[in-house]
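This report is for a reader new to the structure. The sequence and the model are shown first, and a description of selected parts follows.

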Amino acid sequence: MFRTVASRPDVRVHLVFPAGTSPAAARRIFDAYAEACPSRVVLTKLDEADSLSPLVSLLREQQLPISYLGTGQRVPEDLSRATADALAASALGDQPLHRAMHA
């Protein structure tokens, strides 16, 4: 099934996982879904993560942009597009991501 989806040029595959995922666990997720050829990442549970700093180098290594950020259980209400300001604030530890998204 993943090959079928990955072969479609009109489909963007988003890999979704919690923002508090450890780099080691995120690497296993990337490896497990490599066949799907994800082109973007959606990070959820930002309200439970202190910072994206532990994931930044892995995300850069994978060369996958973060497309959406999720801060709650209501979809689509709690999903927001990832902005440079929100991501920078979290990576620098200036403020938690869920606050940066709603600032």
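## A loop residue

T21 is located in the loop that runs between β1 and α2. The model described here is a predicted one. Is T21 buried or exposed? With a relative accessible area of 13%, T21 falls under the 20% limit and is therefore buried.

The side chain of T21 comes to 2.6 Å from the backbone oxygen of P18. Apart from residues up to four places away in sequence, T21 touches A26, I29 and L55.

## The aromatic pair

How many aromatic pairs does a search of the whole structure find? The search finds one. The pair consists of F17 and F30, and its geometry is edge-to-face. The ring centres are 5.7 Å apart, and the planes make an angle of 85°, where over 60 degrees counts as edge-to-face.

F17 belongs to strand β1 (residues 14-18), whereas F30 belongs to helix α2 (residues 23-32), so the pair ties together parts that are 13 residues apart in sequence. Both F17 and F30 are buried.

## The largest nonpolar core

In soluble globular proteins, nonpolar side chains tend to be buried together. In this model, the largest nonpolar core has 17 residues. Which of them touch the most other members? They are F17, F30, V41, L43, L55 and L59. The two residues of the aromatic pair, F17 and F30, are thus listed here again.

At least two residues of this core come from each of β1, α2, β2 (40-44), α3 (53-62) and β3 (66-70). The element that gives the most is α3, with three residues.

R81 is part of strand β4, which covers residues 79-81.

Beyond its neighbours within four places in sequence, R81 is in contact with S67 and Y68. Between the C-alpha atoms of R81 and G70 the separation is 8.9 Å, with the two residues eleven apart along the chain.

Terms used:
Residues numbered from 1 in each chain as written. Predicted model: local features only at pLDDT ≥ 70, side-chain atom pairs only at ≥ 80, totals over all residues. Heavy atoms only, no water. Phe/Tyr/Trp six-rings, centres within 6.5 Å; stacked < 30°, edge-to-face > 60°. Helix = DSSP H or I, 4+ residues; strand = E, 2+ residues; numbered from the N terminus. Buried < 20%, exposed > 50% of the residue type's maximum accessible area, 1.4 Å probe, protein only. Contact = heavy atoms within 4.5 Å. Polar contact = N/O pair within 3.5 Å; in protein donor to acceptor, adjacent residues only side chain to side chain. Core = buried A, V, L, I, M, F, W, Y, C linked by side-chain atoms within 4.5 Å.
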